[in-house]
Amino acid sequence: MWDPNASIQEKQKMEQYMKEKILETFNLFATDKKGYVDKKEIPYIMRYLGKFPSEAQVSKTILPQIEEDEPSESIKYQKFEPFMIQVLKSNEYDPDDTDTLLAAFRQLDEEKKGYIEIDTLKQRLTTMGIQFRPLEIEDFIRFATNGDPNATVIYYEDYILRLQFFIEKHMESVTKQYNPEK
């Protein structure tokens, strides 16, 4: 979405659109609606906006940049917005490419079966790294199994192809929502 070669006026419109999306997403996670979120929500907000930092990046790089002078459990929107705009402009923390995802799944698939058991994946997603929430896991499994309620495994090559197609469609949709004529 961010075009560094756009005119100054176009860049201003793009940035305004980014601000609207960031605020909309931030407010989904702000329980008190007073411009703060718990700092534990930051990786979830960033994932919602299509950015996927590692746990180490969140704790060592991101939180120190957006915390107030005195670290607390809350992050202010006023500190988060400029940081997130810069991330969106720089394409930092983009999702891994399909080759990287495939390599990661193959690491988990020690027996080279071409699939991962759902129970094994659930266990890893809830105990390692930035842990997924129950709803995120349900959504992931539904998507990864193409909605099969009886599935017990995820055929990861099929999942990666479906994901790649979904991301392309999602980006088309997001771009269409941005209307430079506004």
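Is V58 buried or exposed? Buried: V58 has a relative accessible area of 7%, where buried means under 20%, exposed over 50% and partly exposed in between, using a 1.4 Å probe and protein chains only.

Quick housekeeping. This is a predicted model, where local features need pLDDT of at least 70, side-chain atom pairs count only at pLDDT 80 or more, and totals for chains, interfaces and linings use all residues. Residues are numbered from 1 along each chain as its sequence is written, and side-chain values use heavy atoms, leaving out hydrogens and water.

Back to V58, which sits in helix 3; helices here are DSSP runs of H or I, at least four residues, numbered from the N terminus. P43 is 15 residues away from V58 in sequence, but the two C-alphas are 6.9 Å apart in space. Leaving aside neighbours within four places, V58 is in contact with P43, P53, L63, P64 and I130, contact meaning heavy atoms within 4.5 Å.

Now, what does helix 3 meet in helix 4? I62, Q65 and I66 of helix 3 meet K79, F80 and F83 of helix 4. The axes of helix 3 (residues 55–66) and helix 4 (residues 77–90) come within 8 Å and cross at roughly 125°. Axes are lines fitted to C-alpha atoms over the stretch in contact, with angles from 0 to 180 degrees between N-to-C directions.

Last stop, K51, in the loop between helix 2 (42–48) and helix 3. K51 is buried too, with a relative accessible area of 5%. Among the residues in contact with K51 are M46, M84 and Y93.

Notes. Helix = DSSP H or I, 4+ residues; strand = E, 2+ residues; numbered from the N terminus.
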